[in-house]
Amino acid sequence: MRSIVMLTCVFAFQTLFGQQCQSPNKQTEVIFSLSNDGKPTYEIIYKGQVVIAKSNMGFELVDALPLLKNFSVLNTRFDTKNETWEPVWGEESSIRNHYNEMLVALQQKNTQRKMNIRFRVYDEGVGFRYEFPVQDQLGHFIIAQERTAFAMTGDHTAHWIPGDYDTQEYDYTTSRLSEIQSLFDTALTGNASQEQFSKTGVQTALMLKTDSGLYINLHEAALIDYPAMHLNLDPKTLSFESWLTPDAVGNLAYMVAPHNTPWRTVIVSDDARDILASRMTYNLNDPCVIEDTSWIKPMKYMGVWWEMITGKSSWSYTNDVSAVKLGQTDFSKLTPNQTHAANNTNVKRYIDFAAQHGFDGLLVEGWNEGWEDWFGHSKDYVFDFVTPYPDFDVNTLNAYAKSKGVELIMHHETSSSVRNYERHMDKAYQFMKDNGYSAVKSGYVGDIIPRGEHHYSQFIVNHYNYAVQKAADYQIMINAHEAVRPTGIARTYPNLIANESARGTEFQAFGGSKPNHTTILPFTRLIGGPMDYTPGVFEMDISKLNPNNNSHVNTTLANQLGLYVIMYSPLQMAADLPEHYERFMDAFQFIKDVGIDWEKSVYLEAEPGEYITVARKEKGSSNWFVGNSNGFNKRKAEINCSFLDADKTYTATIYRDHPSANYKTNPQAYVIEAKTVTSKSVLKITTVPAGGFGISIVPKN
Ligand code: NOJ
Ligand code: CA
């Protein structure tokens with residue numbers, strides 16, 4: 001009935017303003033219209049305010065007329081959906097997918113080519129995509145430029161990272177749109193990066209705030225068989241335009257009808273917390289295609305890892321690189337490197353610690369041949385993913401771990417040689433199954449092979465998706481680093497349990513990250529899916545691990561605890577070394593206790609770049625966990641405990657900054673205190689700059 005009413009109003013508006021579609025609660029709407037010369041345009045309104053001003057849509061093609069103008073509307077169809085689905089893991093156990101849809105079928109008058117635009121309007125935003133139906137006039141074609149504009153209505157504040165075809169591992173810059181160009185070179189600092197396309201180009205998910213207090217998030221959903229989209233700003237008009245990652249010969253996307261682009265997404269609210277609570281990006285992806293998902297399990301893990309990242313230890317077994325001929329060298333005859341971390345004794349030490357403290361997994365990097373001369377080898381043949389170094393006994397270590405209730409996590413550094421990886425993939429995954437591994441961290445460091453391809457081009461995007469699908473055939477979970485940033489495809493393939501694809505904790509050991517970094521990431525990188533951020537560093541002075549590394553972790557210890565709640569991931573690491581945790585066992589207790597899979601999440605306080613406070617109820621338990629990360633300024637957080645059950649009394653254990661804590665000079669000053677709380681309690685907790693807190697709330701009795 002409601003949809004009939006809606007359809008009537010839609011058609012009433014059609015002749016005057018173009019086609020319009022409103023969200024279920026009517027606060028968000030999209031208006032589609034054709035200009036006088038038949039250019040498709042759209043506009044987005046939220047609570048009466050223009051979010052995206054009238055913006056053009058369409059494509060330039062290689063060796064064919066553009067799909068930009070001369071269109072007429074063949075027909076417009078409306079639909080509506082209101083369903084709930086249960087994710088395998090997530091921030092809540094059930095997700096509502098509620099939208100109104102408008103499908104505009106277009107035909108270009110001079111060429112008869114057909115192009116449809118599908119809009120889905122949610123209460124908290126709009127997704128739209130281009131669809132190319134089967135037709136005689138348009139079969140195979142190559143996109144030379146996607147010209148989807150996102151016209152801003154003012155000089156908004158943006159949290160942005162530079163448009164780069166190969167990495168997202170940047171600190172965020174917060175500035176006005178008009179300042180992006182002049183701040184661009186500074187924004188690149190600290191990341192000797194790969195290739196930028198323009199000095200006004202930024203990556204998505206892009207988080208914006210208008211002067212009237214609207215929060216706008218621009219990203220994409222369901223990036224499948226298409227290049228990743230960046231946004232290029234016209235500094236004069238303050239309009240963004242889509243900028244797709246090119247392939248090695250400069251083409252953008254190879255299309256064969258029927259084919260769709262990913263969804264272009266605009267999430268909007270006058271309350272920043274709604275951006276974090278939005279599940280629009282997942283909802284725009286297809287439902288899960290894996291029938292039996294019983295093998296997909298959230299994991300809390302440790303790693304033989306931080307000691308390499310800090311430079312204390314090495315990945316490589318030997319420094320004797322001149323002696324190595326790949327596949328022909330007997331490594332046991334080479335001089336071992338004294339700092340090789342993935343050795344039997346050290347791995348057992350970590351297994352013991354992880355088992356003692358209830359962890360599910362232990363990642364071991366540097367276990368396999370190839371690290372010794374990564375850049376010297378032909379990158380077509382650098383790693384085979386099945387040959388361990390002589391001091392890493394795959395059978396014994398896996399059996400030892402299993403006997404203690406811990407599982408080893410595989411590591412596949414591909415060195416970005418994706419063809420090499422694809423050639424070895426079946427054997428590599430089979431090797432994992434044969435030896436009892438069920439999860440792999442993969443990585444794509446360095447320039448992509450085939451040469452000239454980029455980390456975010458269509459071919460390489462297809463590779464990441466291929467790896468995830470292939471892994472599903474073997475019932476393997478994937479955590480891919482340096483891959484394209486996620487776009488909600490974990491709804492379809494929940495074995496993609498995490499990605500890095502942003503500046504993670506490792507950068508705290510590569511010179512440090514901005515103190516407010518984690519108050520931005522949930523608004524940007526995490527919009528598309530969980531991040532393997534690898535929190536939990538307790539020793540902030542990296543020179544204590546490696547005298548040649550003067551990096552400093554720019555947070556307090558209490559902030560590191562808060563990250564387990566605010567940086568959602570079904571894969572959570574305790575990144576630091578056992579000997580560091582042993583010095584702070586009372587604080588480590590929070591990492592041991594904190595949940596990793598959630599019944600529900602309540603976003604208590606949020607302002608991008610300033611602070612985030614989130615409460616989450618653990619799945620299958622009555623325990624709640626609250627986390628906070630704080631930005632540059634000292635602040636008092638207010639936690640209204642009304643999310644708790646009204647009939648219960650709880651013990652809240654609060655792990656917070658000591659008043660004397662200072663992220664630079666006194667980061668390990670924290671206070672742990674227990675309080676009795678009920679749903680009527682309001683907790684007030686002061687955090688220092690780059691500080692934070694974690695709270696576990698457990699029912700009494
Ligand atoms: C970069 C990844 O982010 C890091 O976690 C990994 O240890 C190295 N590459 C080596 O693969
Ligand atoms: Ca990385």
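1. **Ground rules.** In this predicted model, local features need pLDDT of at least 70, side-chain atom pairs count only at pLDDT 80 or more, and totals for chains, interfaces and linings use all residues. Residues are numbered from 1 along each chain as its sequence is written, chains are lettered from A and ligands numbered from 1 in the order written, and side-chain values use heavy atoms, with hydrogens and water left out.

2. **Confidence.** The mean pLDDT of the protein chain is 95. That score is the predictor's confidence in each residue, from 0 to 100. At least 70 is reached by 97% of the residues. Residues 1-16 fall below 50. Beyond near neighbours in sequence, that stretch has 15 contacts in the model (contact: heavy atoms within 4.5 Å). Where pLDDT is low, predicted coordinates should not be read in detail.

3. **Domains.** The assignment gives domain 1 as 2-153 + 206-283, domain 2 as 299-501 and domain 3 as 506-701. Such bounds come from an automatic or database domain assignment. Between the C-alpha centres of domain 2 and domain 3 the distance is 28 Å.

4. **Extent of the domain 2 and domain 3 interface.** Here 31 residues of domain 2 contact 36 residues of domain 3. About 3,000 Å² is buried between the two, 63% of it from carbon and sulfur atoms. Buried area is the accessible area (1.4 Å probe) that two parts lose on being put together, summed over both. Lys-300, Tyr-301 and Trp-306 supply 24% of what domain 2 buries against domain 3, more than any other three residues.

5. The rule finds one salt bridge between domain 2 and domain 3 (a side-chain nitrogen of Lys or Arg within 4 Å of a carboxyl oxygen of Asp or Glu). Glu-579 and Arg-349 form a salt bridge, with their closest N and O atoms 2.9 Å apart.

6. **The domain 2 side.** Elements that each supply at least two residues include strand E23 (299-304), helix H5 (306-309) and helix H6 (344-356). Helices (H or I, at least four residues) and strands (E, at least two) are DSSP runs, numbered from the N terminus. E23 gives the largest share, five residues.

7. **Salt bridges overall.** The count comes to 32. In one, Arg-147 meets Glu-60 at 2.7 Å, N to O. This pair links distant parts of the chain, 87 residues apart. Arg-147 is in the loop between strands E11 (140-146) and E12 (149-151), and Glu-60 is in strand E5 (residues 59-61).

8. **Backbone to check.** The Thr-204 to Ala-205 peptide bond is cis, omega near 0 degrees. Ala-205 sits in the loop between strands E15 (201-202) and E16 (206-209). Ile-449 to Pro-450 is also cis, with omega near 10 degrees. Ser-415, not a glycine, has a positive phi of about 55 degrees. Ser-415 lies in the loop between strand E25 (407-413) and helix H8 (418-435).
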